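I opened a new notebook page for this structure. My notes follow the order in which I looked things up.

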2 protein chains.
Amino acid sequence: MNNLSLKLQAGQLLARGVCRHLLTHNFTSLEEFTPERGTRVDVMAIGPKGEIWVIECKSGREDFRSDHKWRGYLEWCDRFFWAVDDMFPLELLPEDTGLIIADSYGAEVVRMGPEAKLAGARRKKITLKFARDVALLHHRMRDPLI
Amino acid sequence: MNNLSLKLQAGQLLARGVCRHLLTHNFTSLEEFTPERGTRVDVMAIGPKGEIWVIECKSGREDFRSDHKWRGYLEWCDRFFWAVDDMFPLELLPEDTGLIIADSYGAEVVRMGPEAKLAGARRKKITLKFARDVALLHHRMRDPLI
């Protein structure tokens with residue numbers, strides 16, 4: 001296993017814990033969602049009233065520092081969160097973002113991300129893309145011949 | 001196998017062919033979708049512009065005649081279709097509905113259902129429920145422990 005696959009694996013394990021926890025908030029989620037071409041967020045979650053949250057999972061200092069794109073993700077969600085494990089140096093994270101402490105098995109929202117509500121047209125577009133993307137993924141799982 | 005399971009199986013096989021074909025129209029689909037409590041449609045599909053189609057799969061004359069609920073499904077979609085196999089007595093079907101001829105492996109839209117566009121609020125509600133329902137199904141498949 002090389003460094004890249006180790007890093008991906010750590011982030012994906014955090015994402016698993018995050019998605020499990022989000023369900024307890026009644027948010028359904030999708031990993032590695034692409035709101036538009038060239039942009040991929042680690043976890044996108046949709047709440048019961050259509051609230052859209054984005055969660056970026058960071059396995060460590062280096063993983064966080066190499067991410068120069070995250071501010072761009074703010075325009076795709078009502079609230080933005082980092083998800084990190086309990087060894088992560090929290091002082092690196094901007095204070096005006098949400099914080100989730102996670103491991104592979106679960107997570108906890110420690111600080112809510114401030115709310116910046118999406119405009120209606122953008123919310124509609126993201127919700128539709130989320131619906132169609134996850135339906136296609138689910139279709140591929142139930143009918144591998146497509 | 002009793003009659004009920006035979007009937008369900010036939011309908012579900014048609015649904016598989018229908019869902020495969022809908023993808024060629026760029027519609028993503030979900031089987032056995034519940035737009036509201038007490039209402040379940042065989043296939044709900046969402047198009048690239050958010051168009052919502054409902055498809056009821058009928059395995060035969062008896063299956064069609066015992067369905068007293070289908071007119072209620074019209075209020076959950078922009079277009080409504082029947083999906084039947086090529087042995088089905090087509091004269092039973094109302095002319096002002098769409099028609100898809102299907103088998104287990106594929107299907108063909110023979111007659112488009114007339115368009116009756118949903119109001120914006122209802123479309124939003126259905127799209128959101130579809131997104132959340134299929135995300136939860138997909139989550140259960142990728143993480144069976146939830």
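I call a residue buried under 20% relative accessible area, exposed over 50% and partly exposed in between, with a 1.4 Å probe and protein chains only. By that rule B:Trp82 is buried, because its relative accessible area is 0%.

Ground rules next. This is a predicted model, where local features need pLDDT of at least 70, side-chain atom pairs count only at pLDDT 80 or more, and totals for chains, interfaces and linings use all residues. Residues are numbered from 1 along each chain as its sequence is written, chains are lettered from A and ligands numbered from 1 in the order in which they are written, and side-chain values use heavy atoms, with hydrogens and water left out.

**Aromatic pairs.** I paired rings of Phe, Tyr and Trp (its six-membered ring) if their centres lie within 6.5 Å; planes under 30 degrees apart count as stacked, over 60 as edge-to-face and the rest as tilted. B:Phe64 and B:Trp82 have ring centres 5.0 Å apart and planes at 75°, so they are edge-to-face. I took helices (H or I, at least four residues) and strands (E, at least two) as DSSP runs, numbered from the N terminus. B:Phe64 sits in helix H2 and B:Trp82 in strand S4 of chain B, so this pair ties together parts 18 residues apart in sequence. B:Phe64 counts as buried because its relative accessibility is 11%.

Two strands pair if DSSP finds at least two bridges between them. Six strands form an open, mixed sheet in the order S1-S2-S3-S4-S5-S6. S1 (28-36) and S6 (107-111) stand at the edges with a single partner strand each, so one side of each has no neighbour in the sheet. S4 and S5 of chain B run parallel, joined by four bridges. B:Val84 has B:Ile101 in S5(B) as its bridge partner.

**Helix H4 of chain A.** Which strands does H4(A) touch on the sheet? It packs against S1 and S2 of chain B. I counted heavy atoms within 4.5 Å as contact. The expected span is 1.5 Å times one less than the number of residues. For the 23 residues of H4(A) that gives 33 Å, and the end C-alpha atoms are 33 Å apart, which agrees. Among the buried residues of H4(A) are A:Phe130 and A:His138.

**A contact list.** Beyond four places in sequence, B:Met44 is in contact with residues including B:Phe33, B:Trp53, B:Trp76 and B:Phe130.

Technical notes
Axes are lines fitted to C-alpha atoms, for helices over the stretch in contact, and angles run from 0 to 180 degrees between N-to-C directions.
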